[in-house]
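User: I'm new to this one and would like to learn how to read a few of its features. Can you walk me through them?

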Amino acid sequence: MSDAAVSKDSLRVLFMGGGGIPAIEAEYERDHAAGHQLWGLPQLRGKGVDIDVVGTVDSPILSRVSARLTPVGFLDQQVSVLLRARRYDVIYSSQYASSALLGTLRRVRVLRTPLVGIAFQAPREGWLGRLYATLAISGHDRVICLSRSIAHYLCADLGVSPDRVEFAGWGFDTDEHSAARTGPGSSADPPKILSIGYSYRDFS
């Protein structure tokens, strides 16, 4: 987003990304910790975007339902979003799967506020995946894919409209990983990256 994209009357964004976001953001500001789990919140705030973060809702019933019906996403946060949505210009979800119910309600025009979600994993293949894409994923006004393969898969295999899909590749915060932050003498050696494990979300 360019500086010109934010007007004097700042965008009001409601962000949902799990209950740990406030603590991660506090650590980022206090200890200069890495901000990759903040999904661009500090940078957006730096450009004048007004962001409120949805915390967890203490509802044992919704928590139990969410645990049994994982495809619908985090019900506690989504219910909280629904109660506040009209006050905001955009709803921003750190993972479209967490806002699947909101996507479905947006699809049938019950939810009026535009909905944007990050995609760092894709649903499984098959008719259930296509149904999920038709209802939940396609209800998002924009799906920002962190992999070209996921973007292609959503459009070519699951039928999500390319107009709703954008690609923004994985990256890192250059300020937080500069030589100034990694200690004396560290710039003399090239950085080394170690990746361990496998996840379906990382297919290529």
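User: Where is arginine 109 found?

Analyst: Helices (H or I, at least four residues) and strands (E, at least two) are DSSP runs, numbered from the N terminus. Arginine 109 lies in the loop between helix H5 (100–107) and strand S4 (115–119). This is a predicted model, where local features need pLDDT of at least 70, side-chain atom pairs count only at pLDDT 80 or more, and totals for chains, interfaces and linings use all residues. Residues are numbered from 1 along each chain as its sequence is written, and side-chain values use heavy atoms, leaving out hydrogens and water.

User: Is arginine 109 buried or exposed?

Analyst: Buried means under 20% relative accessible area, exposed over 50%, and partly exposed in between (1.4 Å probe, protein chains only). Arginine 109 has 64%, so it's exposed. Valine 108 sits in the H5–S4 loop too, and counts as exposed at 51%.

User: What is phi of arginine 109 near?

Analyst: Phi is near 65 degrees there, a positive value in a residue other than glycine. Tryptophan 39, in the loop between helix H1 (21–31) and helix H2 (41–46), also has a positive phi, near 55 degrees.

User: Which residues touch the most other members in the largest nonpolar core?

Analyst: A nonpolar core is a set of buried Ala, Val, Leu, Ile, Met, Phe, Trp, Tyr and Cys residues joined through side-chain atoms within 4.5 Å. The largest has 18 residues, and Tyr96, Tyr132, Ile137, Val143, Cys145 and Leu154 touch the most other members. Helix H6 (127–137), strand S5 (142–145) and helix H7 (148–157) each supply at least two of its residues.
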